Amino acid sequence: MHEQLTRISFSNTKQGFIHKTDKQLKNAHQLFNMMNYPLLVKAGTIITPLLLKWKFPINGLIEKTIFAQFVGGKSLPDTAPVINNLKQHNVAVILDYGAEGRENEESFEAATSEFLRIIEYASGNNSIPFISVKLTAIARFALLEKCNSLVTPDNCTLNTSSLTTAEAAEWQAVMQRLHRIAQQAALHQTSVLIDAEESWIQDTIDAATTELMRMYNLETAVVYNTIQLYRKRGYTFLKQSHELAQADGYILAVKLVRGAYMEKERKRASELNYSSPIQDTKEDTDKAFNQAVAYCIDFHQSIHTIVASHNEHSNLMAVRLMENKSTNNESLPVHFSQLYGMSDNITYNLAKGGFSVSKYLPYGAIADVIPYLMRRAQENSSVAGQTGRELSLIKKEIQRRSLSKKAGIE
């Protein structure tokens, strides 16, 4: 049974940074301080990929800074120390191979093999209940984009009759990869989270994920879809997905996120002169996200939910709703998650309170995870108050430790 809500405080930095050494805390402070300058971040996200492409020797610098903060390691075995450290504090892991944007069959098969290897690695380890998969790691972006217009919204199915023979065969290969991953996950009692991506390929991703849920989510939640609530249709799509699941007799499993492609989405909408799919204001996004959380907890008997949020209010709201539903949070299929390297004050205080919580932990070679790292840098500089909040909490903990040491009570 978890402690009462009044015992959970996201301002408790001692618990929030219990896993970090003084040196790690100092390094995090330096990194977030740099991210507090939007112009510096903007320049860095443009220049860094170019320098890597031109083979400038900056890997060491990246590895010691932003990579160390947000990534679990270069290879699957490298993640073990991080996972073990998290486990000591009752924090689980969503393991993610940081491959995306692949463009040929050989690389798609290599990524699929790695996802299968992750599932075997996670098998029997209750610290790794989930793995994450991006469709752009196993499918060509242009194919996903073409398929996007072929999805029937009412039942979230993809009609491939308009594809060429070659494209249809290519899509069949994509689905075969997904089925291999889902079958392996079901066999090893692991869940697969299909990540959300850009809106102009998201309908394709939703259709593929719904097909998998229809087949594998009959008795338990093997496959999760990701719903972006910064999209205007996010909440409506959640309810539609639930209706489909109820009608077809499978468990709806969803990861609720606000979204990570806001600037890219708005820029494309402006350039191509269509209405932006992104909510007009942050307040609209927050409202939609909280509505989605409330909806999922209301229907907890038929929806498995991951509340993937760095917003303190949304997490506390979810805790309150869970407490209203049950005196034992373990009876509700609700899990919390934050990105590795961010919002530790939320993660570790939820874990201390007895809630099911994890860190989204990517790994991979620096070249593979650069798109992910650039999104993290952009997110921290563009989300109002995100970097400032991280900085203030880190400063507070550094000061607390200093005073405690002086007083001899650390």
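Tutor: Before we look at pairs of helices, please note that contact means heavy atoms within 4.5 Å, and that helices (H or I, at least four residues) are DSSP runs numbered from the N terminus. The model is predicted, so local features need pLDDT of at least 70 and side-chain atom pairs pLDDT 80 or more, while totals for chains, interfaces and linings use all residues. Residues are numbered from 1 along each chain as its sequence is written, and side-chain values use heavy atoms, leaving out hydrogens and water.

Student: What makes the contact between α13 and α14, and which residues meet there?

Tutor: From α13, the residues F289, N290, V293, A294, I297 and D298 meet H313, S314, M317, A318, L321, M322 and K325 of α14. By class this contact has 8 nonpolar, 3 polar and 2 charged residues, where Asp, Glu, Lys and Arg count as charged, Ala, Val, Leu, Ile, Met, Phe, Trp, Tyr, Cys and Pro as nonpolar, and the others, Gly among them, as polar.

Student: Why are α13 and α14 called roughly parallel to each other?

Tutor: Helix α13, residues 282-298, packs with α14 at an angle of about 20°, and their axes are 10 Å apart. Axes are lines fitted to C-alpha atoms over the stretch in contact, and angles run from 0 to 180 degrees between N-to-C directions. Angles under 35 degrees count as roughly parallel, over 145 as roughly antiparallel, 65 to 115 as roughly perpendicular and the rest as oblique, so α13 and α14 are roughly parallel.

Student: How do you know whether α14 and α15 are roughly parallel or roughly perpendicular to each other?

Tutor: Helix α14, residues 312-325, and helix α15, residues 344-352, pack at about 15° with axes 11 Å apart, and therefore the pair counts as roughly parallel. In this contact E312, N315 and V319 of α14 meet N345, I346 and L350 of α15, which by class gives 3 nonpolar, 2 polar and 1 charged residues.

Student: Why are α8 and α9 called roughly perpendicular to each other?

Tutor: The axes of helix α8, residues 141-148, and helix α9, residues 165-187, come within 11 Å and cross at roughly 105°, a value inside the range 65 to 115, so α8 and α9 are roughly perpendicular.

Student: Which residues of α8 and α9 make their contact, and how many of them are nonpolar, polar or charged?

Tutor: On the α8 side the residues are L143, L144, K146 and C147, and on the α9 side they are E167, E170, W171 and V174. Sorted by class, 5 of them are nonpolar and 3 are charged, with no polar residue.

Note on methods. Helices (H or I, at least four residues) and strands (E, at least two) are DSSP runs, numbered from the N terminus.
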